[in-house]
Structures are given as C-alpha cells and as structure tokens.
Amino acid sequence: MDRFNRFRISIEEYYAAHKRVLPWRKERPVPYEVWLSEVILQQTRVAQGIPYFEKILAAFPTVEALAEAPEDQLLSLWTGLGYYNRARNLQAGAQQVVRDFGGELPATSEELIKIKGIGPYTAAAIASICFDEKIGVVDGNVYRVLGRYFGIDTPINSGAGAKIFQELANQCIAETSDPKSYNQGIMEFGALHCTPKKPACMLCELQEDCEAYNSGRVDELPIKLKKGKRTFEELHFAVVEHENKWMMRKRGTESIWAGLYEFPQLGSAPKNGEILMDPFVHKLSHKDLKCHFWAATPDQLSEPSPYYSKEEIKELGVPVIIANFVQNKL
C-alpha cells in the first residue's frame, strides 16, 4: 500500500471513530445547509458557529427564503460573527442560484465556483460532501495536516503553495470510495488531533510516516508568510438620544462594516465631552480599533440621521461593538 492510501485510510478511520455530531451533518446532506455551514465557519469556531447556523436556517430554511430576505434582517442575525461580506455574498449567491439554477445548487465544483461568494474550498466541500465528487478540500486544518505529514516547505499563503496543496489534496482523495468522509475526516483530524498547538503526536497512527514528526518540525509547519504590520485607528461615536431613541446611520457599501448601522461618528474627541463607556480596543483581522462613545447633540453632527428605539436597533444589522453598547445600556 502506498503512502497516500495509508494516509487516506487512516483519515477515514479517524473520522468514523471521532466525528462530531453537527446539525448540518446528515446521512443525506442538504447542499444548502452544507453551504450555509461552510460560510459561517469561515473565520469562526464550530462551537460559536452552531447557534448562528441554527437561527439563520430557522429564519431562512431554503435558498429561496434567503434570496428574498431583507438584507437588514440577515445582517441582524449575523451580528457578532463579523466579516459581514460573507453574509452579503451568501445572499447574492442565493439570488444567483434561484435565478440561474432553479433554486438547486449545481452538483460539480466547476459550476459551484461560478456562484457569488463560493471559492475553491467551499465548492470542493459542497461537491464532495453532497455530490460525491473526488476533489480535495483545502482549508486551514488541511494545510496543517498535509504540510506536516508530507513536510511541505512552500508557504501556504503563496500562489505556488495554493497549487501544491490543492494537487496534494486531490491526490489523497483520488482512490477513495467515500469522498465526503475523507474530506470531512481530514478537516476533523486537523481541528481535533493535529492541532496548531500541542497536537496529539504521541497518540497518532500517522506518526511513522509524518515528515514533521520525524524531523522535529511539527511546530514549524505549515509555513505562512507574515502579513504587513497591523494598523491602529480611533473611532469616536456620537450617541444622540431623543425620547428614548438613538440616532443611527447606515454605512456605505465600501467599508469593513458595509451596510451595517452604527452611531454617527465624530472626527475627533469633543471638547469637554461626556464619555458614556470606558474606551476599549476592538481587534479586527488587520487592525486595532480604539472605540469611544460620547454623549452628543444633533448640532455636533454634519448631517442628521434617523432615530431608532432600542428594540428597533436589535432588529438592525450592527457591528458587535454597537450591539454590546446597546445591550449594556438597556
């Protein structure tokens, strides 16, 4: 038996023994549910993502329901997950599926990748899990498992790395009779066993063939090129209250919180301003935001915005920092 088949069989056996019970994992997977779960779990831990999956699916149980949903309702349900473009792209993709595919997700990765918001990883996941296509998934967990086992030095966030790892993933899955178990298995193995820190190497059946373990490089692989230096920004929110309502503005379409509602912003701290909450730092993937909330009046703003009750704000899509402020003030 060659090295690839030994690896594949071990991964499939691991999955059979250790797979978690998750709401989208069914004997006959529903493509829409798998798609929704994969989008939610981008940049999100499984334990955090499950409640969001359940409440979004309850609100929009079909592709058609999601396609027709008011954007504000979707973004409200998404509040706290971050990366709000995921939600907007998901809805745009649902509208495309309804328009171009009669409400049914196509069965091949080649067709799936044409849908708005579906990249190579998500296309491979849906195609293999729901339609038994033999195409390897490559996410952070898979990069780590393959990088360690095969001793790959090429950075995972380089063009060459993406190609090498995809080819390797496809080679590993080529001989399986159960693509969905292999692909879910390698992601599960990376999430639970071959973890970023303190992987269970001493209990690993792949130990004998693992290049990283045998060369003492488990902590070094996979290799990732360092990103640019993080940036810092201060935000000054103007909290304007009138008759138990707060002034809110909707952001444009080109910002990190595009389409979300927030308190109007001031260019700088107001002189002798009353601070309503201790300043805090909110960390994004690429920058740190120091957030201030000031009591303000309409004449301090360049232009007025509508007022919303605190209950109405709960139904809007807002950044988590705004949601937390509102919750603390109720």
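R230 is partly exposed, with a relative accessible area of 39%; partly exposed is the range between buried, under 20%, and exposed, over 50%, taken with a 1.4 Å probe on protein chains only.

First, the ground rules. This is a predicted model, in which local features need pLDDT of at least 70 and side-chain atom pairs count only at pLDDT 80 or more, while totals for chains, interfaces and linings use all residues. Residues are numbered from 1 along each chain as its sequence is written, and side-chain values use heavy atoms, with hydrogens and water left out.

Now the partner. R230 forms a salt bridge with D288, and the closest N and O atoms are 2.5 Å apart. By salt bridge I mean a side-chain nitrogen of Lys or Arg within 4 Å of a carboxyl oxygen of Asp or Glu. What does this pair tie together? D288 lies in strand β8 and R230 in the loop between α12 (211–215) and β1, so the pair ties together parts that are 58 residues apart in sequence. Helices here are DSSP runs of H or I with at least four residues, strands are runs of E with at least two, and both are numbered from the N terminus.

Is D288 buried or exposed? D288 is buried, at a relative accessible area of 15%. D288 also meets the side chain of K283 in a salt bridge, at 3.4 Å from N to O. K283 counts as exposed, with 59% relative accessibility. Elsewhere, salt bridges that share partners join R20, R25 and E188 into one network.

How many salt bridges does the structure hold? The number is 20. One of them is between R99 and D100, at 3.2 Å from N to O. R99 is exposed, at 59% relative accessible area, and D100 is partly exposed, at 43%.

Next, the sheet that contains β8. It is an open sheet of four strands in the order β6-β1-β8-β7, and its pairing is mixed. Strands β6 (265–266) and β7 (275–283) are at the edges with a single partner strand each, so one side of each has no neighbour in the sheet. Pairing requires that DSSP finds at least two bridges between two strands.

Strand β1, residues 231–239, runs antiparallel to β6 and is joined to it by two bridges. Here F237 stands opposite Q265 of β6. Helix α14, residues 320–329, packs on this sheet and touches β1, β7 and β8 (287–295). Touching means contact, with heavy atoms within 4.5 Å. The direction of α14 makes about 145 degrees with that of β7; axes are lines fitted to C-alpha atoms, for helices over the stretch in contact, and angles run from 0 to 180 degrees between N-to-C directions.

A hairpin joins β7 to β8 through three residues, and I275 stands opposite W294 in β8.

There is also an open sheet of three strands, with the order β2-β3-β9 and antiparallel pairing. Its edges are β2 (241–242) and β9 (307–309), each with a single partner strand, so one side of each is left without a neighbour in the sheet. Three bridges join β3, residues 245–247, to β9, and K245 stands opposite S309 there.

On to the rings. How many aromatic pairs does a search of the whole structure find? It finds 15. Rings of Phe, Tyr and Trp (its six-membered ring) pair if their centres lie within 6.5 Å; planes under 30 degrees apart are stacked, over 60 edge-to-face, and the rest tilted. The rings of Y14 and F189 have centres 5.0 Å apart and planes at 90 degrees, so this pair is edge-to-face. Y14 is in helix α1 (residues 3–18) and F189 in helix α11 (residues 179–192), 175 residues apart, and the pair links distant parts of the chain. Both Y14 and F189 are buried.

Last, two arginines. The charged end of R3 sits over the ring of Y149, 4.8 Å from its centre; this calls for NZ of Lys or CZ of Arg within 6 Å of the ring centre and within 35 degrees of the ring normal. R8 is in helix α1 and is buried, at 10% relative accessible area. Leaving out residues up to four places away in sequence, R8 touches C172, E175, T176 and Y182.
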